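Here is a short briefing for a reader new to this protein. Have the sequence and the 3D view open as you go.

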Amino acid sequence: MRNELQTDKPLIALNDNLPDTLLWNQYLEYHKNVSNEPPSWFQSPWLYTECYMYRRIHEALIQSPPISNFDVFKEEKNHAFFESQQAMIVLSSCLQEMLKNIDGLDEKRLKEEFCNLIQVSLWGNKCDLSISAGADNSQKSDPLQSVEELKKFILVNHMEKLWSLLINKKKNKTPTRLDIILDNAGFELITDLVLADFLISSELATEIHFHGKSIPWYVSDTTKHDLDWTIGQMKAANHKWMARCGVSWEGYLKKGVWIYHDHMFWTLPHEFSSMAQIAPDLYTELQKSSLIIFKGDLNYRKLTGDRMWEFTVPFHQALNNFQPAPLCSLRTLKSDTQVGLKPGQGEQVMNIDPEWMISGKYGIIQFDATS
C-alpha cells in the first residue's frame, strides 16, 4: 500500500467480507463514473483517500487472522493517556468538588461551570495523534487555567445558544437527550466524559449517547475498547477523585444513563449530508436527540463536505440539508475548511497567523438549530 500511495496508483477495491465492504466499493465505482477514470492517491479528494488508507490498514489486519482484532494504534493511545495524567487529576478533582455542591448552584454559577467545561472539551481536541503522526501530543498543563487565556482564539463562539437550549429544557422539565459524536481517545475523551458527568449531575441532560468508531481509525479515534479501557484505568487510579470518576462513569453505563453506539457509517468516506440515504437507521436515531455535539476536525470536514468554502458561507448552508437535530461542532482547526465567519475575519486571522487553519491553535463552538 505504501508503494501504491507513493507512486499515485489507482485505488483498488476492498477484498474482505466486512459489512461495509460493498458500500466502499460502490463509492469507488461512483468516483470512477464521475471522472471517467479510477481515483488515485494524488488526484482524488483528500477526505476520501485519507479514509480509504485507514480502511485498507484494517483490511490487512482482517485478512491476517491471528491479529484480526489487533489495534495497531493502541500503544500510542495508551501512552497519550498516561502522559496526560496530571491534567486528568486536575479535571477530575475539579469535577468532584463541583458535584458536591451541584444542587446548590444558582443559574449564573451553573452557566459558568457549563461554559468552562464546554471550552475544556473544545481544547481537549488539540490532542490528536493523527496530526502529530503518533508522536507525543498529550496534555500536561492545567486545562481549567487555560480556558480564559484561550478564549480569544475561539473564532465562532455559540456557547450562549447551547446554554439557552439546555437551560430552557431543564426549566420546562423536558427530558433531554444529548448525543456526543466522539473524536480522540486519551485526554480529549476524559474532557468529554467530565462534561457528560456534569450535564447529567446538573440535570441539563437526562441521558447521553456516545458515538464512537467500530474499527481503529485516524490513529487516536475512540472505539468501545478505548472507552472501557479508559474507565477501567480511571477506576484503578491511585488518586481518589480519578477513581471516583471511573466508578461513577461505569455506573452511568450500567444504568443506561450513558449509552455507547458505534455504527459503520462513521468509518465510511461519505460526508454527513448523505447519512439519511446511506445510513437511514443512524439518521433516525440522531433525530431523537435534543442536541448533537460533533467533536473534532474530521467530523467538521464531513459536516461541511470538506470543501473550500468562502469563510462567510453560513454553517447551515454548508451542512447541505444535514439536520437531524440541533447540532454543534466543537473543533480545533487542523484542516483548511471553515465557514460561518464574519466578513473579513478569516483574512484578518490569516494576516496574524498564516497557519491558522491547520495549527490547532484556533477553535470553534459552532451551533446550528433545526430549520
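A cavity here is a set of grid points where a 1.4 Å probe fits but cannot get out. By that rule, about 60 Å³ of space lies in the second largest cavity. The model is predicted.

- The contact takes in 13 residues of domain 1 and 18 residues of domain 2.

**The contact between the domains**

- Together, domain 1 and domain 2 bury about 1,500 Å² between them.
- Carbon and sulfur atoms make up 76% of that buried area.
- Which residues of domain 1 lose the most area to domain 2? They are L23, L47 and Y54, which together account for 42% of what that side buries.

**Salt bridges**

- Side chains of opposite charge can pair when their charged atoms come close.
- Across the whole structure, a search finds 26 salt bridges.
- The closest N and O atoms of E50 and R301 are 2.8 Å apart.
- Between domain 1 and domain 2, the count is 1 salt bridge.

**The largest pocket**

- How much volume does the largest pocket have? The value is about 570 Å³.
- The lining of the largest pocket has 26 residues. Those closest to the pocket centre are Y27, Y30, H31, P45 and Y48.
- Helices α2 (21–35), α3 (46–62) and α12 (275–278) each supply at least two residues of this lining.
- α2 gives the most to the lining, with 7 residues.
- By class, the lining of the largest pocket holds 12 nonpolar, 10 polar and 4 charged residues.
- Both domains take part: domain 1 and domain 2 each provide at least three residues of the pocket lining.

**The cavities**

- Rolling a probe the size of a water molecule over the atoms shows where empty space is left.
- How many cavities of 30 Å³ or more are there? The count comes to 3.
- The second largest cavity is lined by K77, N78, F81, A185, G186, H225, D226, W229 and T230.
- α4 (74–83) and α10 (224–236) each supply at least two residues of that lining.
- The largest share, 4 residues, comes from α10.
- By class, the lining of the second largest cavity divides into 3 nonpolar, 4 polar and 2 charged residues.

Notes:
Residues numbered from 1 in each chain as written. Predicted model: local features only at pLDDT ≥ 70, side-chain atom pairs only at ≥ 80, totals over all residues. Heavy atoms only, no water. 1 Å grid on protein atoms, 1.4 Å probe; cavity = no way out; pocket = protein on both sides within 12 Å on 5 of 7 lines; lining within 4 Å. Points joined across faces, edges and corners; volume = space filled by probe spheres on them. Nonpolar A, V, L, I, M, F, W, Y, C, P; charged D, E, K, R; others polar. Domains from an automatic or database assignment. Contact = heavy atoms within 4.5 Å. Buried area = accessible area lost by both parts, 1.4 Å probe. Salt bridge = Lys/Arg side-chain N within 4 Å of Asp/Glu carboxyl O.
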